[in-house]
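Thanks, everyone. I'll keep this brief. Please look at the structure first, and then I'll walk through it.

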Amino acid sequence: MQPQIKKEAKATATTTATAKATAKATLFNDKNFRWLIGGSTISMLGDQFTMVALPWLVLKMTGDTFILGIVLAMLGVPRALFIFIGGAIVDQYSPKRVMMITKYINTVLLATLAGLVFSGHLSLWMVYTLALSLGISTAFSIPAGTSMLPRVVALSQLQIANSITLSIRQVSMFLGPVMAGILIAICGQSENAGIKDSTGLSAAFLLDCASYAISAWTLNKVITRDDAQNKSDAVSILKNVFTGLQFCWQQKELRTCFMYWSAIAFFIMGPMQIAMPLLATKLNNSAGTFGLLAGAHGAGTLLGMAVSGIKPNLRFGTLGGTMLLIDFIIALLFMPLGLVQSSWQAVLILLTIASLGGYLHVAVFTWIQTQVPPALLGRAMSMFMFIFMGIGPISAALSGWMMRSLQLTQLFFVCGAMLMLIVIFALFASPMRLVKDNRASANQAG
């Protein structure tokens, strides 16, 4: 009897694997999906060039970490503040239409930035203006991008399409920074108007500009469903935003987790945006090293997500307890990061930190999806994105100001210690450790 059971289990596993392979093949045979995923891949890869080039540009222009923090805040804060409105606008109009407009805008902005850097006519106020404009634009492109897939692929293929998109995004976060660092290092020997690496920096911005132009062309080829306009007015849009925020606050476990993640964003995510380019400068003052460190973080995140896919139920007690334990380990790894003397040491630590974070990333997203009714899920996810896109940049600005009087080693140590204290407080003074997987979600929205 037992051999028969094993044989049936093996046959079932084979059938499941074959079904998945068939679904993926069918998906890639869809010309519509190929246009969408091709353009998205080019755009996501191009974005990583700006993510490396912009902070490096500010440091080369000013050498002031406080100004770097301000630029990052001007890029991130408006993106976070407008993302709620952006999501509502996307619901009211076609996601494709909104996304096309933002791609055109970003193409012009990055072409302008590349030209100003190359010509040596770039001023600091121009950097502020361009960063602010890019931040506002992405507040609309992010919800538009996340709303495209359900309008392109069949519902039965949505999960595998999301998996492919998420995997490509993480690969781009690994390869893009490395490629950007190499490009800037190879091309960046000239100096215009006191900006070192100006040629390489302008090339990086121009490449991202080209990626937006190409992805706009491919997006134009995509045919979407359900593009009829929703006639919601401004009042109902604002009311819907308030309803989503109210729901997140009223749910005890959601409120606890969101407050905990806010603390994480403030004490870790923000300082990381300042500390990463400074760490590269300390090691050998090379854009290639900065790209390597950012690539290590992307590779670690991808690795952690892969482990989460292989071992989705791996927990140390509850989900909340697992989050607290992993964050405690991250705090221990974060504290000595400023003491490293070579690139390989920094890469190893960042790879480990990002792997742990990547594992939690998947678990947290899945948990939120089980906690929130479908009608409110978009607004709950906007709240989640606001935490990291709004609080993080504000913290980055504060961290930049603190770096005027702190050393890099002190910044890493203080932030790691604060994370450790947050974990301890959450463990003993909040219901964080009681948060469990697969809790029955509320079925009615208020």
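A residue counts as buried here when its relative accessible area is under 20%. By that cut-off, 48% of the 446 residues in the protein are buried. Keep in mind that this is a predicted model.

Now the overall make-up. We have 14 helices and two strands. Take the contacts between residues at least 6 apart in sequence: 86% of them join residues at least 24 apart.

The largest nonpolar core has 92 residues. Which of them touch the most other members? Phe205, Tyr260, Trp261 and Leu279 do. Helix H9, residues 252-283, supplies the largest share of this core, with 17 residues. There is also a second, separate core of 18 residues. Phe33, Val90, Met99 and Leu149 are among its members.

Back to Leu279 for a moment. Set aside its neighbours within four places in sequence. What is left is contact with Leu293, Leu337, Val340, Ala346, Leu408 and Phe412.

Helix H2 covers residues 31-62, and helix H7 covers residues 198-220. They pack at an angle of about 160°, and their axes are 8 Å apart. Angles over 145 degrees count as roughly antiparallel, so H2 and H7 are roughly antiparallel to each other. The crossing of H2 past H7 is left-handed. What sits in that contact, by class? There are 16 nonpolar residues, seven polar and two charged.

That's my tour. Over to you.

Methods: Residues are numbered from 1 along each chain as its sequence is written. This is a predicted model: local features need pLDDT of at least 70, side-chain atom pairs count only at pLDDT 80 or more; totals for chains, interfaces and linings use all residues. Side-chain values use heavy atoms; hydrogens and water are left out. Axes are lines fitted to C-alpha atoms, for helices over the stretch in contact, and angles run from 0 to 180 degrees between N-to-C directions. Helices (H or I, at least four residues) and strands (E, at least two) are DSSP runs, numbered from the N terminus. Angles under 35 degrees count as roughly parallel, over 145 as roughly antiparallel, 65 to 115 as roughly perpendicular and the rest as oblique. A crossing is left-handed if the near helix is turned anticlockwise from the far one by less than a right angle, and right-handed if clockwise. Ala, Val, Leu, Ile, Met, Phe, Trp, Tyr, Cys and Pro count as nonpolar, Asp, Glu, Lys and Arg as charged, and the others, Gly among them, as polar. A nonpolar core is a set of buried Ala, Val, Leu, Ile, Met, Phe, Trp, Tyr and Cys residues joined through side-chain atoms within 4.5 Å. Buried means under 20% relative accessible area, exposed over 50%, partly exposed in between (1.4 Å probe, protein chains only). Contact means heavy atoms within 4.5 Å.
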